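Could you look this one over with me before we discuss it? I've jotted down a few points to go through.

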Amino acid sequence: MELKFILESLLFSAQKPLSPAEVCEIFTRAAEQDDADATVKSLKKVKETELTTALEQLAQDHEAAARSYRLVCVAGSWQFVTQPEFAPWLKALVGVKARPSRLSQPALETLAIISYRQPMTRAEIEQIRGVSVDGTMQTLLERGLVESVGRAEVVGRPTLYGTTTLFLEYFGLRGLADLPAADELRRLIIEKPAAPLTADPGLATTPPEQLKQDEATAASSESAPAEEATK
Amino acid sequence: MSEYNVKFEVFEGPLDLLLYLIKKEEVDIYEVNLTKLATQFIAHIELMREFDLEIAGEFLVMASTLMYIKSRELLPVDQQVQVEPEEDGEDPRWELIRQLVEYKKFKDAAAQLQTLEARQEGVFPRLPAKLEFASDTPAAKPEVSIFDLLNAVNSVLKRFEKRDSTREIFEDKWTVSEKIEYIIRTLTTRENIRFSELFEDAMSRSEVVCTFLALLELIRLKQLVCAQPEAFAEIEIRRATGVTPIASPPVPATDVAAATAPATAEGIKS
C-alpha cells in the first residue's frame, strides 16, 4: 500500500485540513490498535518529511489528472479544495459563502507590507506607505489578519505586528514563503545606482538659460491634465 | 468648475499620487524628472484645494521635499551641495526614489494579494460530514448484572451435561477460598481475564461452581469488576481500580461463600 494513497484516504474523510504532525499522530494511533497488521505497524514511525514528500507527490498526481479538485497546503495543513472555475455552481450549492467583505486598497497595501516585512512596528509601516495606517490597522486587527507579536526593543517599546494563520487561510497560502515574489520583497534592498542620480539628466550641468526652457516644458505638461479633464 | 466632469482619483497618500504622476509620464521611476514631478505634484495639490478637499499633512510634507529637491537643482553645478558618496540617505532625491520604488513594489504585491483574495473566494474545501457511525455504537456496558453472569456460567456448565451418563466420583478437592486465591493470582500478572478463560481448566461441574462462587465473592468484596467491552462481547474480569488488593482471602468471606454455596448452586441448576 502506497503511503500517498493512505494519505489520500485520510484527507478525503478528514473534517478539517490535516498537518503532517497530525497525520503522524494518526499513524501512531493506527499502529497501536489491536488488529494492526505489519503494514500499519511499519508506518508507525513515519517521518513528517516523508509525509510531506508523499503529499506533494499526491498533489502533483491530482494536478496531472486535471480533476475538478486539487490537493492544497494552506498554512501548513493539507486539504482537498475545488478548482476556482467551478465556483458559480458551488456558490449555488452552498449558498452565499460566509466570507467577510473584500479588503480595501489601503488595507491590502498595509497587509502586503506587514506580510513581507514582519515583525514590524506601526511607524515602519507608515514610513513605507507614507501615510497614517491607524484606521487600516484597526480593520486588519479586527478581522484577525494581523496580530501583535511582541514589542520592539527601541525607545517607547512599540508593538510589533505580524500576520496570523487566518491571513494564510484567507489568501490560500501555504506559508509566508509562498507569498508572491517573497524573496524579493522580504528584505528588499533597493540598489543605489552606481552613477549619482540626477533628477534630470543634464539639468545639474546645464546653464540657467536652459533651465528656463525646462521650466517651460514642465509648465506645458502641467496644462495637459487640465485639457484632458475638459474632454 | 461644476460644468466640467472631472474624474478625480482618490490617492492613498503622497507616494500614491507621485506614482500616479510617474505612471502618466510613462517613465521608469529611476529616470523620472523630479523637477517636473514637483511641479505636477504642486499643481495637483492646488487642484485639491480648489475642490475644497482636505489636504492631509503628508501631502504638504511631500510638497516641501519636492520643492527642496527642485531648489537644489536650480543652483549652478559648482554651487550645488556635494553629497558624500558614503553618506547614505543624505541625498533627498535618492531617498525619495528609494521610497517610491519600495512603495511601488508593495503596491504591486497588494494587487497580487487582491488576485489571491478573489481566487480564494471561488475555492471550496471538501468538508465531509462527521462519521456518525463511530459514535452511534452503544456505549460499552460498564457493569455486568448477576443475570449476565448466571447466563455465562450456565453456558460453561453445559460442557459437563453430556458426561452425566458416565459419572466419575471423586472428592471435591476445590474450595472457594482456593479459587479466590487463584483468581487474584491470575489478575496480578495480567490486567484482565476473559470469563471463559477462568473455566478453561475446570474438570468438573463442582469446580466450575467453586470458581464461580469465588468470582461472586470477589465482586461482592469490590475486588473485581466485570464488564463487557462492547455489546454481546464476552465478559471480562479485571481488578477494581482504587481498591487495595487483598493478598489472601479474608476468612469470614470464605465462610460466607461456603455457607451460600449450596443455595447458589441450586439456583444455577434450576
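Here are my notes, starting with the ground rules.

1. This is a predicted model, so to speak with caveats: local features need pLDDT of at least 70, side-chain atom pairs count only at pLDDT 80 or more, and totals for chains, interfaces and linings use all residues. Residues are numbered from 1 along each chain as its sequence is written, while chains are lettered from A and ligands numbered from 1 in the order in which they are written.

2. On confidence (pLDDT, the predictor's own per-residue score from 0 to 100), chain A averages 79, with 77% of the residues at 70 or above. Helices here are DSSP runs of H or I, at least four residues, and strands are runs of E, at least two, numbered from the N terminus.

3. Treat residues 192-231 of chain A with care: pLDDT stays under 50 there, and the model has 37 contacts beyond four places in sequence for them. A contact is two C-beta atoms, placed from the backbone, within 7 Å.

4. Chain A has an open, antiparallel sheet of three strands, ordered β3-β5-β4. Its edge strands are β3 (120-121) and β4 (146-151) of chain A. Pairing takes at least two DSSP bridges; β4(A) and β5(A) share five, including A:Gly150 with A:Leu160.

5. Chain B has ten helices and three strands, running α-α-α-α-α-α-α-β-α-α-β-β-α.
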